[in-house]
Amino acid sequence: MNNGKNFFKYAVAVAVACTQDDRPKGDVTARAAADYVRSILDLVFCYSSIEYSVTPMTYPKCGKIPLIIRLYGLDELLLWYYPQMTPGDLAVELESLLQGALAEVLCMSA
């Protein structure tokens with residue numbers, strides 16, 4: 001099981017690195033942040049049947065943007081996106097957020 005966790009961790013890190021040029025810059029809107037995270041998940045789940053959505057949550061404008069990630073209509077996951085996050089921090093945050101829900105999604109899709 002540890003190898004599967006490592007594989008997923010690396011997949012998320014590679015997806016974040018590959019989409020680095022698409023990262024929103026300047027005054028980042030919630031929609032731009034959601035689109036960026038969706039492009040990362042497009043790469044992570046490209047050869048799977050896992051369905052997902054990324055939706056910005058209504059929140060006062062500040063230095064963080066709350067994004068709701070849904071996998072197969074399961075529980076909603078909350079990602080706090082910070083425009084100033086390093087790619088490594090974003091990869092770790094996404095991987096740890098998705099790791100718990102991933103086991104349940106994989107059981108449903110099997």
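In β3 (76-81), P66 finds its bridge partner in W80, with strands here being DSSP runs of E, at least two residues long, and helices being runs of H or I of at least four, both numbered from the N terminus. The model is a predicted one, so local features need pLDDT of at least 70 and side-chain atom pairs count only at pLDDT 80 or more, while totals for chains, interfaces and linings use all residues. Residues are numbered from 1 along each chain as its sequence is written, and side-chain values use heavy atoms, with hydrogens and water left out.

Six bridges tie β2 to β3, and the two run antiparallel; strands count as paired if DSSP finds at least two bridges between them. On to the other pairing: β1 and β2 also run antiparallel, joined by five bridges. Here Y52 has L71 of β2 as its bridge partner. As for cover, six of the seven residues in β2 are buried, that is, under 20% relative accessible area, where exposed means over 50% and partly exposed lies in between (1.4 Å probe, protein chains only).

Stepping back, the chain holds three helices and three strands, and reading along the sequence gives α-α-β-β-β-α. Of its 110 residues, 36% are buried. Contacts (heavy atoms within 4.5 Å) with a separation of 6 or more come 49% from residues 24 or more positions apart.

The largest nonpolar core has 30 residues, and V37, F45, L67, I69, Y81, L94 and L98 are those with the most contacts inside it. Each of α1 (2-18), α2 (30-44), β2, β3 and α3 (87-109) supplies at least two residues of this core. A core of this kind is a set of buried Ala, Val, Leu, Ile, Met, Phe, Trp, Tyr and Cys residues joined through side-chain atoms within 4.5 Å. Leaving out residues up to four places away in sequence, V37 touches V54, L67, I69, L79, Y81 and L94.

What about the outside? M57, Y59 and L78 make up a nonpolar patch on the surface, with about 240 Å² of accessible area together. Patches take residues with over 30% relative accessible area and no salt bridge, joining like charges within 9 Å and nonpolar side chains (Val, Leu, Ile, Met, Phe, Trp, Tyr) within 5 Å; a salt bridge is a side-chain nitrogen of Lys or Arg within 4 Å of a carboxyl oxygen of Asp or Glu. Y59 sits in the loop between β1 (52-56) and β2 (65-71). Y59 is partly exposed, at a relative accessible area of 36%.

Terms used: Accessible areas come from the Shrake-Rupley method with a 1.4 Å probe; for residues, only the protein chains shown count as cover.
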